[in-house]
Amino acid sequence: MTQTTLQERLEIAKTRLDLYIKRETEMLDGGVQSYGLGTRNVTRYNTDLAQIRAAIAELKKEIASLEGQLAGQKPRKAVGVVPRDW
């Protein structure tokens with residue numbers, strides 16, 4: 001990938017991360033819906049907090065990878081080792 005492509009992807013990822021963090025803050029600050037029927041009450045989030053946090057962690061990894069590629073590091077390779085007993 002070229003430097004400009006990496007830079008664009010990095011900016012998009014940072015923007016998305018900011019939005020996810022903002023959404024998480026809104027949810028923790030009272031972004032819940034409450035329903036009541038008779039004596040029963042239900043309170044829930046509009047979106048799942050665990051999914052938001054997983055997306056934040058994934059975006060942080062992606063940003064670190066893109067910044068590393070911009071700095072000249074090569075992407076990590078998966079290497080498998082098969083022990084053999086001859």
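## Basis of the model

The model is predicted: local features need pLDDT of at least 70, side-chain atom pairs count only at pLDDT 80 or more, and totals for chains, interfaces and linings use all residues. Residues are numbered from 1 along each chain as its sequence is written, and side-chain values use heavy atoms, with hydrogens and water left out.

## Fold and dimensions

Two helices and two strands are present in the protein chain, in the order α-β-β-α from the N terminus on. Helices (H or I, at least four residues) and strands (E, at least two) are DSSP runs. The radius of gyration, taken over C-alpha atoms, is 21 Å, well over the 12 Å that the globule rule gives for 86 residues, so the protein chain is more spread out than a compact globule. That rule is 2.2 Å times the number of residues to the power 0.38. Along its principal axes, the C-alpha trace spans about 70 × 45 × 15 Å.

## Burial and core

Of the 86 residues, 17% count as buried, meaning under 20% relative accessible area (1.4 Å probe, protein chains only). The largest nonpolar core has eleven residues, among them Leu6, Leu17, Ile56 and Leu66. Such a core is a set of buried Ala, Val, Leu, Ile, Met, Phe, Trp, Tyr and Cys residues joined through side-chain atoms within 4.5 Å. Helix 1 (3-28) and helix 2 (49-70) each supply at least two residues of this core; the largest share, six residues, comes from helix 2.

Technical notes: Buried means under 20% relative accessible area, exposed over 50%, partly exposed in between (1.4 Å probe, protein chains only).
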